[in-house]
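Visitor: I am new to reading protein structures. Could you take me through one, feature by feature?

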Amino acid sequence: MKRKIILTKDGSTTIHLEDWNEQYHSTNGAIQEAMHVFIKTGLQHTKNTFNPDQIHILEIGFGTGLNAFVTYLEAKKHNFHINYHGVEAYPVASAEITQLNYTQELKAENERDTFEQMHACEWGKETILADNFKLTKRQQFFSEINDQEQFNLIYFDAFGARVQPELWSVEIFKKMYEALQKNGVLVTYAAKGSVRRAMQEVGFNVERLPGPPGKREMLRATKIN
């Protein structure tokens with residue numbers, strides 16, 4: 001599948017898949033989307049609402065590492081203690097990683113080594129990136145996830161249902177529900193009615209919330225039992 005690095009409207013880069021006409025992030029702003037959906041609506045909400053001593057995060061679609069990196073920066077800023085698991089079936093090539101401008105656009109060039117280490121560290125092995133941030137990358141298909149009550153927060157950042165509807169199914173969201181602890185939260189950029197109904201079917205309490213730039217709504221789901 002043909003791939004190329006493109007600029008999004010906030011000046012940050014993403015990867016465009018030409019055959020699917022799909023991107024790893026919103027063309028309206030990769031960093032803006034990550035900060036709104038996953039940091040503001042996910043991480044900050046979880047910390048402010050439930051205040052766990054350590055936040056265990058599962059990311060569905062590690063991809064370019066942007067969500068992991070902005071989470072690392074947020075943890076460093078507020079001294080959050082994060083245990084981060086990023087699941088990815090098809091890791092991004094190192095040649096593409098070097099073309100991404102996230103450290104520059106986030107004014108975090110002093111953390112360039114950390115961003116590179118996120119991609120260079122061994123799959124399937126816990127890596128300590130800071131005293132308060134541990135990363136485990138897992139190369140597996142989402143259908144193979146079988147964690148039980150391990151996570152406080154899920155970043156659900158799979159490719160859109162238009163191109164991969166099987167990733168937005170009741171079967172997958174049941175796995176997400178089971179992976180979360182009580183009061184665990186799942187956030188995603190998606191807002192389709194079929195996605196919301198699949199989440200509700202497996203037991204989630206689902207909220208429609210304002211979306212990131214260029215998108216009217218997004219979803220946040222909470223495991224209340």
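Guide: Begin with strand β2. Five of the five residues of β2 are buried, so the strand is largely enclosed by the rest of the structure. Keep in mind that this is a predicted model.

Visitor: Which way do the residues of β2 point?

Guide: The general idea comes first. In a regular strand, side chains alternate between the two faces of the sheet. In this case, T13, I15 and L17 point one way from β2, while T14 and H16 point the other way. All of them are buried.

Visitor: What sheet is formed by β1, β2 and β3?

Guide: The three strands make an open sheet in the order β1-β2-β3, with antiparallel pairing. Its edge strands are β1, residues 3-7, and β3, each of which pairs on one side only.

Visitor: How many bridges hold β1 and β2 together?

Guide: Five bridges, in the antiparallel sense, and β2 covers residues 13-17. To follow the pairing by eye, find L7, which stands opposite T13 in β2.

Visitor: And how many bridges join β2 to β3?

Guide: Two bridges, and these strands also run antiparallel. Here H16 has Q23 in β3 as its bridge partner.

Visitor: What lies between the strands of each hairpin?

Guide: In the hairpin of β1 and β2, five residues lie between the strands, and G11 takes a positive phi near 95°. The hairpin of β2 and β3 has four residues between its strands. In that turn, N21 has a positive phi of about 50°.

Visitor: Which way do β8 and β9 run, parallel or antiparallel?

Guide: They run parallel: strand β8, residues 151-156, is joined to strand β9, residues 180-188, by five bridges. Between these two, the chain passes through helix α6, residues 170-179, and this β-α-β crossover is right-handed.

Visitor: How is β9 joined to β11?

Guide: By four bridges, with the strands antiparallel; β11 spans residues 217-222. The bridge partner of V187 in β11 is R220.

Visitor: Back to β8, then. Is N152 buried or exposed?

Guide: For this you need the cut-off: a residue is called buried under 20% relative accessible area. N152, which is found in strand β8, is buried because its relative accessible area is 11%. Its side chain also has a polar atom 2.7 Å from the backbone nitrogen of H56.

Visitor: Where do F133 and V202 lie, and are they buried or exposed?

Guide: F133 lies in strand β7, residues 133-138. At 0% relative accessibility, F133 counts as buried. V202 is in the loop between α7, residues 193-201, and β10, residues 205-210. V202 is at 16% relative accessibility, so it counts as buried.

Visitor: How much space lies in the largest pocket?

Guide: About 980 Å³.

Visitor: Which residues line the largest pocket?

Guide: There are 48 lining residues, and those nearest the centre of the pocket are E22, A158, F159, G160 and Y189. Among the elements, β3, residues 22-23, and α2, residues 66-78, each supply at least two residues of the lining.

Visitor: How does the lining divide into nonpolar, polar and charged residues?

Guide: The lining of the largest pocket has 23 nonpolar, 15 polar and 10 charged residues. To finish, find E22, one of the residues nearest the centre of that pocket.

Notes:
Residues numbered from 1 in each chain as written. Predicted model: local features only at pLDDT ≥ 70, side-chain atom pairs only at ≥ 80, totals over all residues. Heavy atoms only, no water. Pairing = 2+ DSSP bridges. Right-handed = clockwise from strand over helix to strand, strands pointing away. 1 Å grid on protein atoms, 1.4 Å probe; cavity = no way out; pocket = protein on both sides within 12 Å on 5 of 7 lines; lining within 4 Å. Points joined across faces, edges and corners; volume = space filled by probe spheres on them. Nonpolar A, V, L, I, M, F, W, Y, C, P; charged D, E, K, R; others polar. Buried < 20%, exposed > 50% of the residue type's maximum accessible area, 1.4 Å probe, protein only. Polar contact = N/O pair within 3.5 Å; in protein donor to acceptor, adjacent residues only side chain to side chain.
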